Amino acid sequence: MRKFQISILSTFGEVHNKDEIFMNRAIDLAKKGKFQVSPNPRVGAVIVNNNQIIGEGYHQEYGKSHAEVNAINSVEDKSLLKESILYVNLEPCSHHGKTPPCAELILKHQIPKVIIANKDPFKHVNGSGIEKLKNNGVEISVGIAKEEATELNKRFFTFHQQERPYIILKWAESSDGFIGINEKTPIDERWITGKLSSLLSHLWRAEEDGILIGKNTAKYDDPELNCRHVKGRNPVRILIDKNLEVNQNSKIYNDSSKTIILNAIKHESTNNTHWVKIDFEQFFQELFSICNDHNIMSLIIEGGAFTLNQFIESHFWDEARIFRGQKTFNSGVKAPQIHGHTLYTETIESDHLTFIKNIT
(Lines give C-alpha, C1' and ligand atoms only; values in the text may rest on other atoms or scores of the structure.)
Protein backbone atom coordinates (compact mmCIF):
# COMPACT_ATOMS: atom_id res chain seq x y z
CA MET A 1 0.00 0.00 0.00
CA ARG A 2 1.15 3.53 -0.77
CA LYS A 3 2.30 5.35 2.34
CA PHE A 4 0.18 8.37 3.13
CA GLN A 5 1.82 11.23 5.00
CA ILE A 6 -0.60 13.06 7.29
CA SER A 7 0.49 16.58 6.42
CA ILE A 8 -1.68 18.35 9.00
CA LEU A 9 0.33 16.82 11.84
CA SER A 10 2.44 19.95 11.70
CA THR A 11 -0.68 21.95 12.58
CA PHE A 12 -1.57 19.71 15.51
CA GLY A 13 1.52 19.18 17.60
CA GLU A 14 -0.11 17.24 20.41
CA VAL A 15 -0.18 13.44 20.35
CA HIS A 16 -3.86 13.43 21.31
CA ASN A 17 -4.82 15.35 18.19
CA LYS A 18 -2.67 13.09 16.04
CA ASP A 19 -4.53 10.09 17.46
CA GLU A 20 -7.86 11.73 16.65
CA ILE A 21 -6.81 12.24 13.03
CA PHE A 22 -5.97 8.56 12.55
CA MET A 23 -9.04 7.40 14.49
CA ASN A 24 -11.31 9.59 12.40
CA ARG A 25 -9.80 7.95 9.33
CA ALA A 26 -10.71 4.55 10.82
CA ILE A 27 -14.27 5.78 11.43
CA ASP A 28 -14.54 7.05 7.85
CA LEU A 29 -13.45 3.63 6.61
CA ALA A 30 -15.99 1.92 8.87
CA LYS A 31 -18.81 3.92 7.29
CA LYS A 32 -18.20 2.11 4.01
CA GLY A 33 -19.74 -1.04 5.50
CA LYS A 34 -23.02 0.80 6.10
CA PHE A 35 -25.40 -1.47 4.18
CA GLN A 36 -23.56 -4.79 4.40
CA VAL A 37 -22.30 -5.70 7.88
CA SER A 38 -25.34 -5.85 10.18
CA PRO A 39 -25.79 -7.50 12.67
CA ASN A 40 -22.04 -6.92 13.06
CA PRO A 41 -20.82 -3.42 13.95
CA ARG A 42 -19.21 -1.04 11.47
CA VAL A 43 -15.47 -1.14 12.04
CA GLY A 44 -12.49 0.45 10.36
CA ALA A 45 -8.79 0.01 11.14
CA VAL A 46 -5.68 2.03 10.33
CA ILE A 47 -2.05 0.96 10.84
CA VAL A 48 0.46 3.78 11.37
CA ASN A 49 4.25 3.64 11.30
CA ASN A 50 6.27 6.78 11.98
CA ASN A 51 3.20 9.01 11.38
CA GLN A 52 2.46 7.36 8.05
CA ILE A 53 -0.49 5.11 7.22
CA ILE A 54 0.97 1.85 5.94
CA GLY A 55 -2.22 -0.20 6.05
CA GLU A 56 -5.96 0.21 6.39
CA GLY A 57 -9.14 -1.77 6.02
CA TYR A 58 -12.75 -2.06 7.10
CA HIS A 59 -15.34 -4.76 7.72
CA GLN A 60 -16.96 -5.03 4.31
CA GLU A 61 -19.63 -7.70 4.68
CA TYR A 62 -21.20 -9.79 7.44
CA GLY A 63 -19.42 -13.11 7.84
CA LYS A 64 -16.26 -11.94 6.08
CA SER A 65 -12.92 -10.64 7.33
CA HIS A 66 -12.91 -8.02 10.07
CA ALA A 67 -11.33 -4.59 9.72
CA GLU A 68 -8.12 -5.52 11.55
CA VAL A 69 -7.55 -8.50 9.26
CA ASN A 70 -8.02 -6.41 6.12
CA ALA A 71 -5.75 -3.68 7.45
CA ILE A 72 -2.94 -6.10 8.36
CA ASN A 73 -3.26 -7.90 5.03
CA SER A 74 -2.88 -4.57 3.19
CA VAL A 75 0.57 -3.90 4.70
CA GLU A 76 3.27 -4.76 2.17
CA ASP A 77 6.18 -5.00 4.59
CA LYS A 78 4.86 -7.02 7.53
CA SER A 79 8.11 -6.46 9.46
CA LEU A 80 6.95 -2.88 10.09
CA LEU A 81 4.00 -4.13 12.15
CA LYS A 82 6.31 -4.71 15.14
CA GLU A 83 6.94 -0.95 15.25
CA SER A 84 3.45 0.28 14.39
CA ILE A 85 0.22 1.47 16.01
CA LEU A 86 -3.17 0.01 15.17
CA TYR A 87 -6.15 2.39 15.34
CA VAL A 88 -9.57 0.74 15.42
CA ASN A 89 -12.94 2.22 16.37
CA LEU A 90 -14.13 -0.88 18.26
CA GLU A 91 -12.34 -3.28 20.58
CA PRO A 92 -10.77 -6.21 18.67
CA CYS A 93 -12.72 -9.44 19.13
CA SER A 94 -11.33 -12.26 21.26
CA HIS A 95 -13.74 -15.08 20.44
CA HIS A 96 -14.20 -17.51 17.58
CA GLY A 97 -17.29 -16.55 15.58
CA LYS A 98 -17.60 -16.62 11.80
CA THR A 99 -13.96 -15.48 11.72
CA PRO A 100 -10.94 -16.09 14.02
CA PRO A 101 -10.23 -13.65 16.88
CA CYS A 102 -8.62 -10.38 15.78
CA ALA A 103 -6.78 -10.12 19.12
CA GLU A 104 -4.83 -13.26 18.27
CA LEU A 105 -3.86 -11.87 14.87
CA ILE A 106 -2.60 -8.67 16.49
CA LEU A 107 -0.45 -10.73 18.88
CA LYS A 108 0.79 -12.94 16.05
CA HIS A 109 2.16 -9.89 14.22
CA GLN A 110 3.47 -8.36 17.46
CA ILE A 111 1.80 -4.99 17.03
CA PRO A 112 2.95 -3.17 20.18
CA LYS A 113 0.20 -0.57 20.57
CA VAL A 114 -3.53 -0.50 19.87
CA ILE A 115 -5.68 2.61 20.17
CA ILE A 116 -9.42 1.95 20.47
CA ALA A 117 -12.41 4.31 20.36
CA ASN A 118 -15.05 2.08 21.99
CA LYS A 119 -15.11 -0.98 24.18
CA ASP A 120 -17.29 -3.70 22.60
CA PRO A 121 -20.59 -4.26 24.51
CA PHE A 122 -21.16 -7.68 22.91
CA LYS A 123 -21.21 -10.25 25.72
CA HIS A 124 -18.64 -12.52 24.02
CA VAL A 125 -16.14 -9.63 23.89
CA ASN A 126 -16.99 -6.87 26.41
CA GLY A 127 -13.44 -6.10 27.48
CA SER A 128 -11.93 -9.54 26.95
CA GLY A 129 -10.16 -8.44 23.76
CA ILE A 130 -8.54 -5.54 25.60
CA GLU A 131 -7.61 -7.78 28.53
CA LYS A 132 -6.05 -10.40 26.23
CA LEU A 133 -3.91 -7.79 24.49
CA LYS A 134 -2.86 -6.15 27.76
CA ASN A 135 -1.94 -9.48 29.32
CA ASN A 136 0.38 -10.11 26.39
CA GLY A 137 2.19 -6.81 26.67
CA VAL A 138 0.30 -4.69 24.15
CA GLU A 139 -0.09 -1.03 25.12
CA ILE A 140 -3.78 -0.08 25.00
CA SER A 141 -5.52 3.29 24.89
CA VAL A 142 -9.33 3.54 24.90
CA GLY A 143 -11.62 6.52 24.29
CA ILE A 144 -10.15 8.49 21.38
CA ALA A 145 -13.05 9.91 19.27
CA LYS A 146 -15.44 7.99 21.52
CA GLU A 147 -18.55 10.06 20.74
CA GLU A 148 -18.10 9.85 16.96
CA ALA A 149 -17.52 6.10 17.17
CA THR A 150 -20.57 5.60 19.39
CA GLU A 151 -22.78 7.50 16.94
CA LEU A 152 -21.45 5.31 14.12
CA ASN A 153 -22.53 2.12 15.91
CA LYS A 154 -25.55 3.42 17.82
CA ARG A 155 -27.66 0.52 16.55
CA PHE A 156 -25.14 -2.07 17.72
CA PHE A 157 -24.74 -0.41 21.13
CA THR A 158 -28.49 -0.07 21.73
CA PHE A 159 -29.09 -3.69 20.75
CA HIS A 160 -26.48 -5.08 23.14
CA GLN A 161 -26.77 -2.61 26.01
CA GLN A 162 -30.56 -2.14 26.12
CA GLU A 163 -31.53 -5.54 24.66
CA ARG A 164 -33.76 -3.98 22.03
CA PRO A 165 -33.34 -2.61 18.51
CA TYR A 166 -32.50 1.01 17.78
CA ILE A 167 -35.93 2.44 16.97
CA ILE A 168 -36.60 5.10 14.34
CA LEU A 169 -40.08 6.62 14.05
CA LYS A 170 -40.90 7.90 10.59
CA TRP A 171 -44.01 9.54 9.23
CA ALA A 172 -45.26 12.18 6.81
CA GLU A 173 -47.83 14.76 7.82
CA SER A 174 -49.83 17.34 5.89
CA SER A 175 -49.18 21.06 6.20
CA ASP A 176 -52.03 21.25 8.72
CA GLY A 177 -50.76 18.34 10.85
CA PHE A 178 -52.67 15.27 9.66
CA ILE A 179 -50.98 11.92 9.08
CA GLY A 180 -53.90 10.38 7.19
CA ILE A 181 -57.27 11.06 5.63
CA ASN A 182 -60.38 8.96 5.03
CA GLU A 183 -59.31 5.48 3.92
CA LYS A 184 -61.86 5.61 1.10
CA THR A 185 -59.87 8.43 -0.48
CA PRO A 186 -57.74 7.09 -3.40
CA ILE A 187 -54.15 6.33 -2.37
CA ASP A 188 -52.63 8.84 -4.80
CA GLU A 189 -54.69 11.60 -3.16
CA ARG A 190 -53.48 10.51 0.30
CA TRP A 191 -49.80 10.77 -0.69
CA ILE A 192 -48.18 13.67 1.17
CA THR A 193 -44.54 13.92 0.08
CA GLY A 194 -42.67 14.22 -3.22
CA LYS A 195 -40.61 11.71 -5.19
CA LEU A 196 -37.24 12.62 -3.65
CA SER A 197 -38.62 12.13 -0.13
CA SER A 198 -39.93 8.74 -1.18
CA LEU A 199 -36.52 7.82 -2.59
CA LEU A 200 -34.87 8.87 0.66
CA SER A 201 -37.30 6.68 2.62
CA HIS A 202 -36.26 3.69 0.52
CA LEU A 203 -32.60 4.48 1.22
CA TRP A 204 -33.36 4.54 4.95
CA ARG A 205 -35.04 1.14 4.69
CA ALA A 206 -31.89 -0.30 3.11
CA GLU A 207 -29.88 0.93 6.09
CA GLU A 208 -32.03 -0.73 8.78
CA ASP A 209 -32.67 -4.37 9.68
CA GLY A 210 -36.43 -4.24 10.15
CA ILE A 211 -39.53 -2.19 9.36
CA LEU A 212 -42.83 -2.35 11.27
CA ILE A 213 -46.43 -1.31 10.58
CA GLY A 214 -49.85 -2.02 12.07
CA LYS A 215 -52.79 -3.74 10.44
CA ASN A 216 -54.63 -0.54 9.40
CA THR A 217 -51.65 0.72 7.41
CA ALA A 218 -51.42 -2.68 5.70
CA LYS A 219 -55.15 -2.75 4.95
CA TYR A 220 -55.65 0.79 3.69
CA ASP A 221 -52.27 1.74 2.18
CA ASP A 222 -51.11 -1.73 1.07
CA PRO A 223 -47.36 -0.89 1.27
CA GLU A 224 -44.67 -3.26 0.03
CA LEU A 225 -42.12 -2.06 2.62
CA ASN A 226 -39.00 -2.88 0.62
CA CYS A 227 -36.26 -0.67 -0.86
CA ARG A 228 -37.07 -1.39 -4.50
CA HIS A 229 -36.19 2.14 -5.66
CA VAL A 230 -32.59 1.96 -4.42
CA LYS A 231 -29.85 -0.65 -4.42
CA GLY A 232 -29.74 -2.34 -1.03
CA ARG A 233 -30.93 -5.12 1.22
CA ASN A 234 -34.64 -5.22 2.04
CA PRO A 235 -35.44 -4.96 5.76
CA VAL A 236 -37.35 -7.69 7.57
CA ARG A 237 -41.03 -6.69 7.49
CA ILE A 238 -42.98 -6.90 10.74
CA LEU A 239 -46.77 -6.60 10.71
CA ILE A 240 -48.89 -6.24 13.87
CA ASP A 241 -52.11 -8.08 13.04
CA LYS A 242 -53.56 -9.53 16.23
CA ASN A 243 -56.60 -11.20 14.67
CA LEU A 244 -55.13 -11.82 11.19
CA GLU A 245 -57.39 -9.31 9.44
CA VAL A 246 -54.98 -8.35 6.65
CA ASN A 247 -55.69 -10.07 3.34
CA GLN A 248 -52.89 -12.44 2.32
CA ASN A 249 -53.03 -10.98 -1.19
CA SER A 250 -51.63 -7.75 0.26
CA LYS A 251 -48.17 -6.67 -0.89
CA ILE A 252 -46.66 -7.29 2.53
CA TYR A 253 -47.22 -11.01 1.93
CA ASN A 254 -45.16 -11.12 -1.26
CA ASP A 255 -41.76 -12.85 -1.27
CA SER A 256 -39.61 -9.75 -1.76
CA SER A 257 -38.35 -10.00 1.82
CA LYS A 258 -38.73 -11.92 5.05
CA THR A 259 -42.00 -11.11 6.83
CA ILE A 260 -43.04 -11.65 10.45
CA ILE A 261 -46.73 -11.46 11.36
CA LEU A 262 -47.31 -10.76 15.07
CA ASN A 263 -50.67 -12.25 16.00
CA ALA A 264 -52.65 -13.96 18.75
CA ILE A 265 -53.87 -16.93 16.71
CA LYS A 266 -51.18 -19.10 15.13
CA HIS A 267 -47.48 -19.88 15.08
CA GLU A 268 -46.19 -21.28 11.78
CA SER A 269 -43.97 -20.55 8.80
CA THR A 270 -44.50 -20.77 5.05
CA ASN A 271 -41.68 -19.86 2.68
CA ASN A 272 -40.61 -16.33 3.60
CA THR A 273 -43.54 -15.59 5.92
CA HIS A 274 -43.51 -16.34 9.65
CA TRP A 275 -46.62 -16.07 11.81
CA VAL A 276 -45.56 -15.57 15.41
CA LYS A 277 -48.14 -15.91 18.18
CA ILE A 278 -47.45 -13.48 21.00
CA ASP A 279 -48.94 -12.24 24.26
CA PHE A 280 -50.17 -8.75 23.40
CA GLU A 281 -50.26 -7.84 27.09
CA GLN A 282 -46.46 -8.07 26.93
CA PHE A 283 -46.16 -6.59 23.45
CA PHE A 284 -42.83 -4.79 23.69
CA GLN A 285 -41.09 -7.62 25.56
CA GLU A 286 -42.33 -10.03 22.90
CA LEU A 287 -41.32 -7.75 20.04
CA PHE A 288 -37.82 -7.19 21.38
CA SER A 289 -37.33 -10.90 21.98
CA ILE A 290 -38.30 -11.63 18.37
CA CYS A 291 -35.92 -8.91 17.14
CA ASN A 292 -33.15 -10.53 19.18
CA ASP A 293 -33.92 -13.96 17.69
CA HIS A 294 -33.80 -12.57 14.14
CA ASN A 295 -30.78 -10.24 14.66
CA ILE A 296 -32.89 -7.16 14.00
CA MET A 297 -30.68 -4.45 15.54
CA SER A 298 -32.61 -1.50 14.12
CA LEU A 299 -36.26 -0.94 13.37
CA ILE A 300 -38.14 1.74 11.40
CA ILE A 301 -41.71 2.28 12.55
CA GLU A 302 -43.79 3.35 9.53
CA GLY A 303 -47.17 2.52 11.01
CA GLY A 304 -50.16 4.80 11.44
CA ALA A 305 -50.82 7.15 14.33
CA PHE A 306 -51.97 4.40 16.72
CA THR A 307 -48.82 2.31 16.24
CA LEU A 308 -46.50 5.33 16.37
CA ASN A 309 -48.16 6.62 19.55
CA GLN A 310 -47.68 3.23 21.22
CA PHE A 311 -43.92 3.61 20.85
CA ILE A 312 -43.95 7.29 21.82
CA GLU A 313 -46.02 6.76 24.96
CA SER A 314 -43.86 3.81 26.03
CA HIS A 315 -40.67 5.86 25.40
CA PHE A 316 -39.36 3.09 23.14
CA TRP A 317 -37.86 5.25 20.42
CA ASP A 318 -34.45 6.74 19.71
CA GLU A 319 -35.06 9.15 16.87
CA ALA A 320 -37.90 10.45 14.73
CA ARG A 321 -37.80 11.54 11.09
CA ILE A 322 -40.80 13.65 10.19
CA PHE A 323 -41.74 14.89 6.74
CA ARG A 324 -44.16 17.79 6.41
CA GLY A 325 -45.58 18.25 2.93
CA GLN A 326 -47.43 21.15 1.34
CA LYS A 327 -50.69 19.27 0.91
CA THR A 328 -53.59 20.32 3.17
CA PHE A 329 -56.11 17.73 4.41
CA ASN A 330 -58.34 19.92 6.64
CA SER A 331 -59.43 16.79 8.53
CA GLY A 332 -58.35 13.22 9.15
CA VAL A 333 -56.03 11.40 11.55
CA LYS A 334 -53.92 13.77 13.61
CA ALA A 335 -50.14 13.33 13.41
CA PRO A 336 -48.40 12.16 16.60
CA GLN A 337 -47.05 14.76 19.01
CA ILE A 338 -43.46 14.12 19.97
CA HIS A 339 -40.99 15.84 22.28
CA GLY A 340 -37.25 15.57 22.02
CA HIS A 341 -34.15 17.38 20.86
CA THR A 342 -34.30 18.64 17.27
CA LEU A 343 -31.04 17.58 15.64
CA TYR A 344 -31.56 19.43 12.38
CA THR A 345 -34.03 20.24 9.64
CA GLU A 346 -33.73 20.33 5.87
CA THR A 347 -35.80 20.95 2.79
CA ILE A 348 -36.25 18.27 0.12
CA GLU A 349 -37.97 19.79 -2.90
CA SER A 350 -41.15 21.19 -1.34
CA ASP A 351 -41.04 18.91 1.74
CA HIS A 352 -39.74 19.91 5.16
CA LEU A 353 -37.82 17.17 7.03
CA THR A 354 -37.09 17.26 10.76
CA PHE A 355 -34.83 14.89 12.72
CA ILE A 356 -35.59 14.58 16.45
CA LYS A 357 -33.61 12.65 19.09
CA ASN A 358 -35.15 11.13 22.19
CA ILE A 359 -33.49 12.60 25.28
CA THR A 360 -35.57 10.84 27.96
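Ala, Val, Leu, Ile, Met, Phe, Trp, Tyr, Cys and Pro are counted as nonpolar, Asp, Glu, Lys and Arg as charged, and the others, Gly among them, as polar. The model is predicted, with local features requiring pLDDT of at least 70, side-chain atom pairs pLDDT 80 or more, and totals for chains, interfaces and linings using all residues. Residues are numbered from 1 along each chain as its sequence is written, and side-chain values use heavy atoms, without hydrogens and water.

**View 1. The second largest pocket and its lining.** A pocket is an open set of points on a 1 Å grid over the protein atoms alone, where a 1.4 Å probe fits, with protein on both sides within 12 Å along at least five of seven lines; lining residues have an atom within 4 Å of a point. This pocket holds about 840 Å³, the volume being the space filled by probe spheres set on the points, which are joined across faces, edges and corners. Its lining comprises 31 residues, with Glu151, Lys154, Arg155, Tyr166 and Glu319 nearest the centre. By class, eleven are nonpolar, seven polar and 13 charged. Helix α6 contributes the most, five residues (helices are DSSP runs of H or I, at least four residues, and strands of E, at least two, numbered from the N terminus).

**View 2. The largest pocket.** About 1,400 Å³ of space lies here. Thr217, Asp221, Glu302, Gly303 and Gly304 are the closest to the centre among 48 lining residues.

**View 3. Thr354 in strand β18.** Thr354 has a relative accessible area of 15% and is therefore buried (under 20%, 1.4 Å probe, protein chains only). Its contacts (heavy atoms within 4.5 Å) include Ala320, Ile322 and Tyr344, leaving aside residues up to four places away in sequence.

Note on methods. Buried < 20%, exposed > 50% of the residue type's maximum accessible area, 1.4 Å probe, protein only.
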